[in-house]
Amino acid sequence: MVPDPGRQIAWQNQLRTNQQVSSNNAAQYDRRRRRSRGRPAAALAGLLKLLLLVAVIVLLAENPGLRAELGTFAQNLGAYVQGLWADTRNG
């Protein structure tokens, strides 16, 4: 059985394309990895934000008076924003 030259060329072209895509993906992965290794400050900032959030939640859980004041503040802020939205829509 003699292989079809057209099929063989198509197969070789597909193989080259697949190899190129694989190479591009590997290079892109390496660039991302290098970029993420060079940003320890961003990871530290994220950790500090998480710790601050946990501290605020613990503080609110332990202090019912502060929790009530924060609830009132949130309600007033929500009413204010709704008023601004209504003014904007009414022109």
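Author: The radius of gyration is taken over C-alpha atoms, and the globule rule is 2.2 Å times the number of residues to the power 0.38. This is a predicted model, in which local features need pLDDT of at least 70 and side-chain atom pairs count only at pLDDT 80 or more, while totals for chains, interfaces and linings use all residues. Residues are numbered from 1 along each chain as its sequence is written, and side-chain values use heavy atoms, with hydrogens and water left out.

Reader: What radius of gyration does the chain have, and what would a compact globule of 91 residues have?

Author: The chain has 30 Å, whereas a compact globule of 91 residues would have a value near 12 Å. Along its principal axes, the C-alpha trace spans about 85 × 45 × 25 Å.

Reader: How many helices and strands are there in the chain?

Author: Helices (H or I, at least four residues) and strands (E, at least two) are DSSP runs, numbered from the N terminus. The chain holds three helices and zero strands, in the order α-α-α from the N terminus on.

Reader: What percentage of the residues count as buried?

Author: Buried means under 20% relative accessible area, exposed over 50%, and partly exposed in between (1.4 Å probe, protein chains only). Of the 91 residues of the chain, 1% count as buried. Leu-47, found in helix α2 (residues 40–62), has a relative accessible area of 44% and is therefore partly exposed. Leu-66, which lies in helix α3 (residues 64–90), is also partly exposed, because its relative accessible area is 31%.

Reader: How far apart are the C-alpha atoms of Leu-66 and Leu-84?

Author: These two residues are 18 residues apart along the chain, and their C-alpha atoms are separated by 27 Å.
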